[in-house]
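Hello,

Here is the structure you will be working with. Please open it alongside this note, then read on for what turned up.

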Amino acid sequence: MAIYQRALCWVRRDLRLRDHTALAAATRQAREVIVVFVFDTNILRQLEDKDDRRVTFIHHSLKEMQARLAKKGSSLLVCHGDPVLDIPRLAQELKAEAVFTNRDYDPYARKRDRIIEQKLKIWDVAFHSYMDQVVFEYPDIVTRQGEPFKMFTPYKNAWLGTLRPEHVAEEKPNLKRLAPVKAFKEWIDPWDLESIGFKENNLWVQPGEEGGRAAWRKFQKHIHRYHKDRDFPSLKHGTSGLSVHLRFGTISIRDLVRFAMRREDEGSRAWLSELIWREFYQTILDRFSYVVRGAFRSEFDRIQWPGKEVHFKKWCRGETGYPLVDASMRHFARTGWMHNRLRMVVASFLVKDLLVDWRQGEAWFARKLLDFELASNNGGWQWCASTGCDAQPWFRIFNPVTQSKNFDPEGRFIRENLPELAGFSNTHIHWPHEAPESEKEKAGCHLGKDYPHPIVDHAVQREKALQLFQDVAQTAVTQTENS
Ligand SMILES: Cc1cc2nc3c(=O)[nH]c(=O)nc-3n(C[C@H](O)[C@H](O)[C@H](O)COP(=O)(O)OP(=O)(O)OC[C@H]3O[C@@H](n4cnc5c(N)ncnc54)[C@H](O)[C@@H]3O)c2cc1C
């Protein structure tokens, strides 16, 4: 039964109309619902690249949403400004009695939403927020003592043990309740990318809800092989490629979990486990928000990283002389996306070979990743740098050449992204520096000119990394013993 005459549904990272918790609640509780999106200038101002792919993705997804709303006789209301001012202003001007939204757990978003809720209260406008981005949020999954889990496996077991079909039931909005466009036409300003100071970028992925559904339908045919294929970057459907859709909510997490939980095969189980990692890191960020500034295991903040700026720059450009690292970084520069195995390889290389502070790599990914997710990016970097909770032990160091041989055995990914090495054999493409002169000549690649010599020696750097960690770990043990 409707209790409000009119409400706003403020969409942020949930750019779809299907299976949408806040929109379903709004259209249950209000006679007329206006869907609103704010290009948040506090966020946009911090984006360094004017052709930021994420803004292009949002732009196209909003256009698609707008077209779908128009078919229902309504419209999307788009603003460009500070939501702290815009949302209360719109609620007042449009005489909305309530604002409905899905929760966002990033520290900035939480603070922003708290302020907006307080402001709305002054005007007697209700603020309703819902869990939608995840299946479980803190404190749904906690230890017996009521504490957040710090290890993934017990978290995952508790998550799976709690999951019931009702947790992932579809949240169906009643689109008949969308406000007719004539009711708010005068508030609609024309908008495009240029008007908000950005320009179009090429996307490798189809944006919007339709893009999300198409990618999901494709992956469903491959999900049973996920446990076998997921580590091989050259396989087209080895992983789902859905991270960007999860990031912007152009697909519903409930939709994915509903499908995976019905299946018994190993591939689906392994894939569901990855979706749980996403929620695990979300909880870690939520409960231990200091991780955005430093190590989860704070003893590792004492490491003085000796890495050089020039090496960091070469890593960013894919000019380290380590083919798999360079192929990954160049592919990343072109697409804004990277396969999980490669994220691990390049992150490990930056931290444990180049000895650069993991936060520099984290920031570079945050700037360039199309699927950038604060919680997963921070969690991923801290895992690779061995500073996080349930992370890779510090004494385990990836050998980038072995990784290349194991996960790109025929060098397909390298060939695709480093054409200058394409002529090397499967044996030497992973480490062309030691190829016989005749092979170098045949490959038409002059090392040092067409492709760089290695900027560091892995064996030497490995020892230095072990020493750095050992010194800190040793001091931590001594301090604990003395306390
Ligand atoms: C250094 C580093 C940085 C990362 N930064 C991000 C990031 O900013 N945003 C992001 O979404 N993922 C991040 N990840 C996790 C992972 O690499 C990506 O989620 C994955 O590569 C996305 O591809 P996919 O959608 O094909 O994944 P699939 O293998 O199909 O997995 C399905 C979904 O599960 C989730 N997922 C998978 N692996 C992980 C993981 N290790 N941690 C958390 N969630 C996971 C993602 O939402 C993903 O879309 C990072 C990993 C590392 C090592």
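The protein is assigned three domains: domain 1 (1-132), domain 2 (134-169 + 210-287) and domain 3 (298-476). Those bounds come from an automatic or database domain assignment. The C-alpha centres of domain 1 and domain 2 lie 25 Å apart. Across that pair, 20 residues of domain 1 are in contact with 26 residues of domain 2; contact means heavy atoms within 4.5 Å.

Some ground rules. This is a predicted model, where local features need pLDDT of at least 70, side-chain atom pairs count only at pLDDT 80 or more, and totals for chains, interfaces and linings use all residues. Residues are numbered from 1 along each chain as its sequence is written, and side-chain values use heavy atoms, with hydrogens and water left out.

The ligand

Where does the ligand lie? Domain 2 and domain 3 both give residues to the shell around the ligand, so it lies between them. The shell holds 28 residues, and Tyr226, Thr239, Ser240, Gly241 and Asn340 come nearest. A residue is near if one of its heavy atoms lies within 4 Å of the molecule. By type, the shell divides into 15 nonpolar, 8 polar and 5 charged residues. Here Ala, Val, Leu, Ile, Met, Phe, Trp, Tyr, Cys and Pro count as nonpolar, Asp, Glu, Lys and Arg as charged, and the others, Gly among them, as polar.

- Leu242: a polar backbone atom is 3.0 Å from an oxygen atom of the ligand.
- Glu274: a polar side-chain atom is 3.0 Å from a nitrogen atom of the ligand.
- Glu373: a backbone N or O atom is 3.0 Å from an oxygen atom of the ligand.

Taken alone, the ligand exposes 810 Å², and the protein buries 96% of that. Accessible areas come from the Shrake-Rupley method with a 1.4 Å probe; for residues, only the protein chains shown count as cover. Two or more shell residues come from each of α9 (243-248), α11 (266-287), α14 (340-353) and α16 (374-384). α11 gives the most, with 6 residues. Helices (H or I, at least four residues) and strands (E, at least two) are DSSP runs, numbered from the N terminus.

Lys352

Lys352 sits in helix α14. Is this lysine buried or exposed? Lys352 counts as buried, because its relative accessibility is 1%. Buried means under 20% relative accessible area, exposed over 50%, partly exposed in between (1.4 Å probe, protein chains only). The Lys352 side chain reaches the backbone oxygen of Arg396 at 3.2 Å. A polar atom of that side chain also lies 3.4 Å from the backbone oxygen of Cys384. Leaving out residues up to four places away in sequence, Lys352 touches several others, including Trp394, Gln461 and Phe469.

Look next at α1 (residues 21-29). The buried residues are Thr21, Ala22, Leu23, Ala24, Ala25, Ala26, Thr27 and Gln29. Their cover includes β1, β2, β4, β5 (126-130) and α10 (253-262).

In α4 (residues 83-93), the buried residues include Pro83, Val84, Ile87 and Leu90. The buried residues of α4 pack against β1 (4-11), β2 (30-40), α2 (41-44), β3 (76-81), β4 (98-102) and α5 (107-122).

Backbone points to check

Most residues other than glycine have a negative phi, and most peptide bonds are trans. These places depart from that pattern.

- Asp124 has a positive phi of about 65°. Asp124 is in the loop between α5 and β5, and is exposed at 69% relative accessibility.
- Leu355 has a positive phi of about 60°. Leu355 lies in the loop between α14 and α15 (358-368), and is buried at 4% relative accessible area.
- Tyr138 and Pro139 are joined by a cis peptide bond, with omega about 5°. Pro139 is in the loop between β5 and α6 (152-162).

Best wishes

How values were computed: A polar contact is a pair of N or O atoms within 3.5 Å; within protein, one must be able to donate a hydrogen and the other to accept it, and residues adjacent in sequence count only if both atoms are side-chain atoms.
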